[in-house]
Every structure is written in C-alpha cells, then in structure tokens.
Amino acid sequence: MTLPATDVGTTRAGATDALVEVRDLKVHFPITTGVLFDRVVGHVKAVDGVDLTVPRGQTYGLVGESGCGKSTLGRAILQLTPPTAGEVRFDGMELTRLSAGKMRGLRRRMQMIFQDPMSSLDPRQNVESILTEGLAAHGIGAGRSERRDIINRTLDAVGLPHWALSRYPHEFSGGQRQRIGIARALVLGPELIVADEPVSALDVSIQAQVINLLDELQEELGLTYLVIAHDLAVVRHISDVVGVMYLGALVEEAPSDRLYREPLHPYTRALMSAVPVPDPDLEDRRERILLAGDLPSPANPPSGCRFHTRCPWAQPTRCADERPVLRDVGGTKVACHWAEQIASGELRPHEVRVELVRPGDEGEAPSIVSAPSEPGTYV
Amino acid sequence: MTLAPGKKKEKLDRLAELSAVHDDERGVSLWREAMRRLRRNPAAIVGAVILAAFVLVAVIGPFLVPYEPTDTIGVREKVVSSGHGIIPGPSADHWLGYDHQGRDEFSRMVVGARQTLIVGIVSTLIGLTIGVLIGGVAGAAAGLGGRWGRLVDNVLMRIVDMMLSLPSLLLAVSVAALLGPSLVTVMIAVGMVSVPVFARLLRGAMIAQANRDYVLAASSLGVRKSKIAISHIVPNSLAPVIVQATLTLATAIIEVAALSFLGLGNPDSAVPEWGLMLADAQKYLDVRPGLAIYPAVGIIITALGFTLLGEAMREALDPKLRR
C-alpha cells in the first residue's frame, strides 16, 4: 500500500511524500442549552484552523499545554470527532467527505494509541478478544487459526507473552496494558498511528520502554506516527518534525532539533524555558520566561494573535487585530508577526499585565465553558 | 528523561516487568472476580442463605404442607368463630393457629411464599425488561447517535420523567384500577413503577461508558456503532442495573403486599399471599395479632435477604474496589 500521492498538488516544495495533509481544519463544539430542543449559544473552538503535513514514515510530534486542542486535532484527523470545516487528506484521499462505510473500511490503515491504557481497554474483554475485534470488523484472516497467527505475531512484536491472550486488562501492569493497546493498533497493519499521550500515564522507567518499542516498530514496519504529548523531552526524542499548538492553532512547526535549538515563537520560547536543565548551576542562572495568566477560553479566543494576551513580546500594532499565519522563517514555520525581530534581539520582552476581565466577554460565564480534553477516568 | 540510544533494548526491564504476572493459569474475568468477592462477604452469605431458604420453601413447601391452605377446617370443626372473636392460637396440630376463616395459618404462610416469590420476580422482570429496553435505546442514542440520537433520548427520557413524577403507589393503583383487579394486573402495575428507575439507571451508565476511551478505540478499529453499543457499552453498564434488580425485588414484594392490602390484588382471596393475609388480619389485630405478625415478618425477612444480597453485589461489582 505504498501508492505515491501523485494527485496531491498542495504539498509544499521540498516536502517528501506526505501521508497525512491537514488543511485549515476546524473542530468547533457547540455549547447548547434547552430542554427538548438544543439551542446553540456559542462554540468551543477546540481546533481553529490547523494546517499540517505528516511525511510518510516519519514522526510528527504535537506539543502544547492541556486544553490547547491537540487531542481533539488527533481525533479529528482520524475522523473520530467530526471536523467542522477543513480537509484531511490521507494518502491523497479526502476523509472528511467519505461515507461512514468507506471510512470504516479505511480505518485499518490508521489507528490510535490512547493515553490511559486502563480506560482504553474494555475491562470485560480478554486480550484475545481485544485483538480479534479489529480483525473481525475488517474480515481479516479466514479462520480462527489464521487470526491466532496474526495475533501471535503482533504479541511478539510488542513484547507480550502468548499466554497473555486469555487474560484480562486488570491483570496487567500499566506498561503491559499500554503494550496491549499498541498491539490492538498494530494488529490491523496500519500505516498511520496517532498516539495520544502514549506514555504520560506510565512510570518514567516504563515510558522509556514504550517509547523505544514505538521506535523499533517504526523501523521494522515503516509506520508513520503523529505523537501528541505535553512532555517536551518525549516529543524531542521520537519526533522528526514538531508542531507547537496554542489555543487550537499551530504557532510553530520545525524539524525537531531545530525547534529545540532555536525556538522562534514567543510561546515556544516560554515552553522551552520551562524545561529544567540537569545542571544545578546552569539551572539557577538560565533565563526563564514565565507566562502570565491562564490559557484563554477556547469559546472566546482573543482577537488577532491568540497569544497576544500573554506574550511578553506583544507589540501595540498588528498583534491584537491581525491573526498571524504560519510563514517560513529560515526553515521554521512560525505564526508570529515579529519572529525575525524577536530572534535578532531587536525586540525585548516586557512585563505582561494580566487582564482579569477580558473585554468582549459577554457570551458565557467562563466557568461553564471547558474544552473537551482527554476524558480520562482515573479509576 | 534519560534515553541513551545505545540502550534501546531494555530486555532486562521487560523481563522483570513480565515476571510480575506468572504461570499460565487462565485469566480471571470480572464476573468471576466479583463472585469471589461476594463469597467472602458475610452480608452476602446471610442474604443468600435467607433467599435460598425462601426459594426452597416457595418451591417445595406447598407439596409438604399439612393442610389445604383453602380448607376452612376451623369453621367446619366449630373451633373458629371470628365473628365472636374466637380464633385459636398455635397448637401441636396447627403450628401457627387458624386464620379468621378457620384455615391453617402455617399452610397459608408456606403456600403464600410461592405466590409472593412469583409476584416479586415477575413484576421485577416486567420492570427490568421495559426499563432496560427504554434505557438501552436512550443511552445508545444519547451516547453514539449525534444530534438525532439526543432528540430520541430526550423524548424517551421525558416520558420516563412523567412516570417518575407520579408517586409509585399512585401509579400502581391507577394501573391496577385501569386494568381491573387480577394477579397479572398487580404484577404489571408493580413492574411499571420500577420502569423509570431501570431506564434512568441504564441510560446514565451507558452515557458514562460511551465517553470512555475503549469505545473510541473500538470505533477507531472500524467496529459498527450498533455492535459497539451491544458488545461494549451495554455489558459494562449492566452492573448497577443488576444490583438495582435485586433491591427492586424486595420493594416489589412490599408493593404487591400494599396493593393486596388496598384490595387491588388477586380477587381470588382464597389463594394465600402475604400482603393479602396482612390486610385480612387487620380486623383481628386485637384478637389475634399473630395473624398480622407472621406475614409481616415473612415480608421483612425476605426483603432483608434481597437487600443484603443486592448491597453485597453492589460492592462486589464496584470497579473502584477491585484490586
């Protein structure tokens, strides 16, 4: 299944064969009231105009703080959450307009790994049933023995013993459960795997194992990953390209090394400066950018640049009224009007006054507006 | 996090992790785990013993009773004259004495157990079936059906709300009065009372389950929505419904007794039933209070048995307590 996506003309020059292309993707969740008939009183703009390209065989890392819409973006790409607008092309096919039946057939080529392995595994299914379900849904494998074969090979690939088949999720440790989740995704032989916080629910020692497993599998099977995480170190380790999300949109996108070496967007700089350095002297002396205030409500995002309310480099012109587009600045794509001036040191950071009451906030009380993020239930 | 690229294959770690689960005995399913916990709970055992005794009496008791429960021997033999307040108490021949019509009270208690059990089980099943159907459809529609699903759910739930807004006994009385007094009517009436409870319970549990990641995982595998609802969401939502069913059995028995007491029960008053016996006994409370006490104690103990078992099952099925 390695058809080159020849009919995709929108790919940027120099980009390799793209497996996933997202154009101006929007996911808005309606806020409704009413007893019998829903009345829409507003929208939570969880994802608001995202363009990104995931090259085949590579890993795209998506970082951002909680509630910035990165999980929703991952789900919208897989059409698990229906997008409000925009395009998602998978291997040249436009997914947003596919019928439900065609989309179901296509699902074996794109799979998902979840954050909390306990809540993403049905407690009443044993491992064999978990792994058979996808095979049965797509009619893969003629008989029981053929399916057993596929399943056993998958178990070997993720490093689980064969006797795990008759056991139930609650009998495994966290790391093993995540391996079951990975096996469930792999058993269908997908090309794309969207990993939504694949390790953040695991112990640090086990995080390393799972990440290395994902790495090995990519090498062996030529998988394409979209890894969503808030842990910058994890993303740096596994990603080829990293995109930074803030309030529903990408603010910066660059090759992993480059992004960590010289972040251009003020938000990325703040994120990077939050990573502790393992040298106590350096840690004490290094510059830290502390962001003032909270993430604004995605139901009522700030005008212009989404980040201008918290940006230490915000300028009186443009920032508050003109939304910056992602543009190429020396190989990095960044959505900031003043990226060059900030990089050269021409603009200096200044104090940010926290606005307790945002102007134009007459819609909803912010307390009842919350972005639907990971519905993790901590049992 | 430190990730040296040279140490990619941490086989040792992996082996250590795998050794946490040993040998190849079969996995323990949730239900079997719950049964094990149930067996260790003293309240569950007491409840189960009470219920076992009750069921045993109800099933084989009627074949062993010393007298016909409808035979008015006391009147025939001129030892009972309820009009003059003469109702003899317990004796060697009649262990619980006679009732107001000169029938053997012990035989009536034993045969009445069967009636009570049947009425309790059947009315609970009626409520459970209708409630699970309504709640299941509403829950699946609300959880997976998008905008139209929410509308379906809304309509169904408003109907359920209407049922819920009527006082349960009033609802049962209206149903019983509407359909005319008979045993079947009583069972339908008592069943209808529990419909909204089951429907709401199942719907709520299903909506909670529909937001879990494993449902998302199943749809990302390409499993059909209908299959997800039936094979994932419903089985995971049934635990509270089953617990509620055992508790409803207890209240159903009491409600049937109440309806019989109000004269809306089985019109064939010769057939013994604990609620009816209680109702009949009220006129003779000053003469023979025992006639009221025996069926009342029977109802209380049975309801207690069901409640104990139900509560223990709630604990056993609670995933938060699972190790």
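# Chatting through chains A and B

User: Hi! How much of chain B is buried?

Analyst: Hello! Buried residues account for 46% of the 323 residues in chain B. Keep in mind that this is a predicted model.

User: Where does UniProt put the "transmembrane region" feature in chain B?

Analyst: The UniProt entry, which is unreviewed, places it at residues 42-65, 117-143, 155-177, 183-202, 241-264 and 292-313 of chain B.

User: What do 155-177 and 183-202 look like in the model?

Analyst: Residues 155-177 of chain B are 91% helix and 0% strand, with 27 Å between the end C-alpha atoms. For residues 183-202 of chain B, the figures are 100% helix and 0% strand, and the end C-alpha atoms are 28 Å apart.

User: Helix packing next. How do α5 and α8 of chain B sit against each other?

Analyst: Two numbers describe a pair of packed helices: the angle between the axes and the distance between them. Helix α5 (residues 105-144) and helix α8 (residues 183-210) of chain B pack at about 35°, and their axes are 5 Å apart. The crossing of α5(B) and α8(B) is right-handed.

User: Which residue classes make up the contact of α5(B) with α8(B)?

Analyst: There are 23 nonpolar, 11 polar and 1 charged residues in the contact of α5(B) with α8(B).

User: Now B:Pro42. Where is it, and is it buried or exposed?

Analyst: B:Pro42 belongs to helix α3 (residues 42-64) of chain B. Its relative accessible area is 57%, so B:Pro42 counts as exposed. In space, B:Pro42 and B:Leu308 are 9.6 Å apart, C-alpha to C-alpha, while in sequence they are 266 residues apart.

User: Let's talk rings. How many aromatic pairs are there over all chains?

Analyst: The structure has 4. One of them is A:Tyr246 with A:Phe307, an edge-to-face pair with 4.9 Å centre to centre and 80° between the planes.

User: Which parts of chain A does that pair link?

Analyst: Distant ones: A:Tyr246 is in strand β9 (residues 241-246) of chain A, and A:Phe307 is in the loop between α10 (280-285) and β11 (327-329) of chain A, 61 residues apart. A:Tyr246 and A:Phe307 are both buried.

User: What about B:Phe54 and B:Trp274?

Analyst: Their ring centres are 5.7 Å apart and their planes are at 45°, so that pair is tilted. This pair also links distant parts of the chain, with B:Phe54 in helix α3 of chain B and B:Trp274 in helix α11 (residues 274-281) of chain B, 220 residues apart. B:Phe54 is buried, at a relative accessible area of 6%. B:Trp274 is buried as well, with 5% relative accessibility.

User: And which residues form a ring cluster?

Analyst: A:Tyr246, A:Tyr267 and A:Phe307 are linked into a cluster by ring pairs.

User: Back to α11(B). Why is it described as largely enclosed?

Analyst: Because 6 of the 8 residues of α11(B) are buried. Those are B:Trp274, B:Gly275, B:Leu276, B:Met277, B:Ala279 and B:Ala281.

User: What covers the buried residues of α11(B)?

Analyst: The cover includes α3, α5, α10 and α12 (290-317) of chain B.

User: Over to chain A. Which residues of helix α3 are buried there?

Analyst: In helix α3 (residues 127-138) of chain A, the buried residues are A:Val127, A:Glu128, A:Ile130, A:Leu131, A:Glu133, A:Gly134, A:Leu135 and A:His138.

User: What do the buried residues of α3(A) pack against?

Analyst: They pack against α2 (100-106), α4 (144-158) and α5 (174-186) of chain A, together with α9 (213-221) and α10 (225-261) of chain B. Just after α3(A), A:Gly139 has a positive phi of about 60°.

User: Last one: where is A:His337, and what is it in contact with?

Analyst: A:His337 is in the loop between β12 (332-334) and α11 (339-344) of chain A. A:His337 is buried, with a relative accessible area of 9%. Leaving out neighbours within four places in sequence, A:His337 is in contact with A:Arg318, A:Cys319, A:Glu322, A:Arg323, A:Pro324 and A:Arg327.

Conventions:
Residues are numbered from 1 along each chain as its sequence is written. Chains are lettered from A and ligands numbered from 1 in the order in which they are written. This is a predicted model: local features need pLDDT of at least 70, side-chain atom pairs count only at pLDDT 80 or more; totals for chains, interfaces and linings use all residues. Side-chain values use heavy atoms; hydrogens and water are left out. UniProt positions are given in the numbering used here, feature names are shortened, and annotations may be inferred rather than shown by experiment. Helices (H or I, at least four residues) and strands (E, at least two) are DSSP runs, numbered from the N terminus. Axes are lines fitted to C-alpha atoms, for helices over the stretch in contact, and angles run from 0 to 180 degrees between N-to-C directions. A crossing is left-handed if the near helix is turned anticlockwise from the far one by less than a right angle, and right-handed if clockwise. Ala, Val, Leu, Ile, Met, Phe, Trp, Tyr, Cys and Pro count as nonpolar, Asp, Glu, Lys and Arg as charged, and the others, Gly among them, as polar. Buried means under 20% relative accessible area, exposed over 50%, partly exposed in between (1.4 Å probe, protein chains only). Contact means heavy atoms within 4.5 Å. Rings of Phe, Tyr and Trp (its six-membered ring) pair if their centres lie within 6.5 Å; planes under 30 degrees apart count as stacked, over 60 as edge-to-face and the rest as tilted.
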